[in-house]
Amino acid sequence: MGEFFKPLQIYVVEDSEILQQTGCSGSAQTAVADLSVLRPDLIVIDLSLKFGSGFDVLRALQQEQLLPEAIKVVLTNHANDEYRNRSLSLGASHFFAKTDTSQLLALIDTLARSRHPPSSEVVDTSEH
């Protein structure tokens with residue numbers, strides 16, 4: 001009998017119309033409400049939102065002690081030391097520039113692979 005593994009759940013806090021079609025929030029307040037219910041494993045947060053900011057999301061998660069086990073990643077066009085330090089002090093685990101998403105994709109790949117066992121070799125037991 002095979003084992004069941006929980007898929008990696010990702011929540012995106014982003015105000016881009018294109019990305020919102022994947023199921024995410026462009027508002028800090030909506031994001032915090034959704035996150036407390038959905039409880040994802042990985043939260044990808046843009047700093048610039050239509051309503052509020054990614055800092056507001058991080059601050060609320062930190063103050064309310066919501067999802068301390070979730071990995072919080074800031075993905076922004078404002079990749080500078082000031083925003084990096086502020087994000088990390090508010091509980092972000094990682095800080096990546098939108099100009100190079102390869103680091104985020106590698107992190108997602110690593111997290112997804114860690115939830116599934118390595119493929120077993122198939123042994124042919126049929127007679128020839």
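Buried here means under 20% relative accessible area, exposed means over 50%, and partly exposed lies in between, with a 1.4 Å probe and protein chains only. Helices (H or I, at least four residues) and strands (E, at least two) are DSSP runs, numbered from the N terminus. You have a predicted model open, where local features need pLDDT of at least 70, side-chain atom pairs count only at pLDDT 80 or more, and totals for chains, interfaces and linings use all residues. Residues are numbered from 1 along each chain as its sequence is written, and side-chain values use heavy atoms, with hydrogens and water left out.

**Stop one: helix 5**

Select residues 102-114, which make up helix 5. Show the side chains of Leu104, Leu107 and Leu111: these are buried. They share one side of helix 5, because they cover an arc of only 60 degrees around the axis (the arc is that of the directions from the helix axis to the C-beta atoms). Now turn to the face pointing away from that buried side, where you'll find the exposed residues Leu105, Thr110 and Arg113.

What do the buried residues of helix 5 pack against? Strand 3 (42-45), strand 4 (71-76) and strand 5 (94-97), with contact meaning heavy atoms within 4.5 Å.

**Stop two: strand 3**

Next, select 42-45, which is strand 3. Leu42 and Val44 sit on one side, Ile43 and Ile45 on the other, and all are buried, so both faces are covered. Click Val12 and then its bridge partner in strand 3, Val44.

Strand 4 also pairs with strand 3 in the parallel sense, over four bridges. Here, look for Ile71, the bridge partner of Leu42.

**Last stop: two rings**

The structure holds one aromatic pair, a pair being rings of Phe, Tyr and Trp (its six-membered ring) with centres within 6.5 Å; planes under 30 degrees apart count as stacked, over 60 as edge-to-face and the rest as tilted. Select Phe55 and Tyr83: their ring centres are 5.4 Å apart and their planes stand at 75 degrees, so this is an edge-to-face pair. Phe55 lies in helix 3 and Tyr83 in helix 4 (residues 81-89), so the pair ties together parts 28 residues apart in sequence. Buried or exposed, where does Phe55 fall? Phe55 is buried, at 6% relative accessible area, while Tyr83 is partly exposed, at 25%.

Note on methods:
Expected span 1.5 Å × (residues − 1). Pairing = 2+ DSSP bridges.
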